[in-house]
Amino acid sequence: MKLITYDELYKVVNLLHKDYQEDIKIKLINSDLRIMFELLKPNAVKHLSLSYFVNYIKYTALGLQFDNTIIIYLHNIKKLDKQANKEELKLFIIKTLFHEIRHIYQQRYKPHKVDECYTTDVGNGYESQWEERDANKFSMRMMNKHKKDINDLFNIDFDWEVIWQTLYIK
């Protein structure tokens with residue numbers, strides 16, 4: 001049984017303003033071999049430094065976006081919390097989707113704010129960059145704003161909230 005379907009993900013995208021819904025493609029990857037294949041595509045490689053590529057291989061990256069495509073690494077999300085149930089994992093996926101979709105929005109509507117010196121090197125200012133702070137803030141706001149709709153869509157019957165980058169199960 002699948003953890004989450006494309007239909008469910010697009011229903012989540014439809015909760016957002018129309019600016020976030022235009023020409024979005026979503027890919028779900030659930031294996032190491034597939035992640036290598038996707039990362040070696042020319043359009044993906046131009047966005048990645050060597051250390052970020054290593055982070056993908058080490059299972060620390062959850063998602064990536066380029067050219068209106070969002071890639072979500074399900075096998076990495078499953079490794080975030082090995083005790084997480086299916087509904088909790090879906091929440092991690094949705095949070096990642098919101099984060100990556102905000103990056104597409106930034107490139108479309110705020111190109112003047114996108115950092116030309118963007119670094120993918122974790123530990124070298126990655127999380128302090130405007131793009132990442134903005135995407136994290138957006139993801140948190142959308143998760144909390146659409147909590148009832150998300151719960152209804154996925155039949156989630158426990159209380160949760162997102163504070164900054166962390167999902168809290170109450």
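1. Let's start with Lys11: at 40% relative accessibility, this residue counts as partly exposed. Keep in mind as you read on that the whole model is predicted. Lys11 has a partner, Asp7, and the two form a salt bridge whose closest N and O atoms are 3.4 Å apart. Both residues sit in helix H1, which covers residues 6-13. They are four residues apart, or about one turn of the helix.

2. A quick bit of background: side chains of opposite charge can pair when their charged atoms come close. How many salt bridges does the count come to here? The count is eight, and a few of them are worth a look.

3. Take Lys147 and Asp159. Their salt bridge has its closest N and O atoms 2.6 Å apart. This pair links distant parts of the chain, 12 residues apart. Lys147 belongs to helix H8 (residues 147-154), while Asp159 is in the loop between H8 and S4. As for accessibility, Asp159 is partly exposed, with a relative accessible area of 37%.

4. Asp159 also forms a salt bridge with Lys170, and here the closest N and O atoms are 3.8 Å apart. Lys170 lies in the segment after S5 and Asp159 in the loop between H8 and S4, so this pair ties together parts that are 11 residues apart in sequence. Is Lys170 buried or exposed? Lys170 is exposed, with a relative accessible area of 57%.

5. Now put these together: Lys147, Asp159, Glu161 and Lys170 are linked in a network of salt bridges. Glu161 brings us to strand S4 (residues 160-163), where this residue is on the uncovered face along with Ile163. The covered face of S4 has Trp160 and Val162.

6. Which strand pairs with S4? That would be S5 (residues 166-169), in the antiparallel sense and over four bridges. Across the pairing, Glu161 stands opposite Tyr168 in S5. The hairpin of S4 and S5 has two residues between the strands, and Trp164 takes a positive phi near 55° there. Have a look at that spot in the structure.

7. Last point, on surface charge. Which residues form the positive surface patch? They are Lys113, Arg133, Lys137, Arg141 and Lys145. One of them, Lys137, lies in helix H7, which spans residues 130-145. Lys137 is partly exposed, at a relative accessible area of 42%. A residue needs over 30% relative accessible area and no salt bridge to be part of a patch, so Lys137 with its 42% clears the area cut-off.

How values were computed
Residues are numbered from 1 along each chain as its sequence is written. This is a predicted model: local features need pLDDT of at least 70, side-chain atom pairs count only at pLDDT 80 or more; totals for chains, interfaces and linings use all residues. Side-chain values use heavy atoms; hydrogens and water are left out. Patches are made of residues with over 30% relative accessible area and no salt bridge: like charges are joined within 9 Å, nonpolar side chains (Val, Leu, Ile, Met, Phe, Trp, Tyr) within 5 Å. Accessible areas come from the Shrake-Rupley method with a 1.4 Å probe; for residues, only the protein chains shown count as cover. A salt bridge is a side-chain nitrogen of Lys or Arg within 4 Å of a carboxyl oxygen of Asp or Glu. Lys and Arg count as positive and Asp and Glu as negative; His and the chain ends are not counted. The place of a charge is taken as NZ of Lys, CZ of Arg, CG of Asp or CD of Glu. Buried means under 20% relative accessible area, exposed over 50%, partly exposed in between (1.4 Å probe, protein chains only). Two strands pair if DSSP finds at least two bridges between them.
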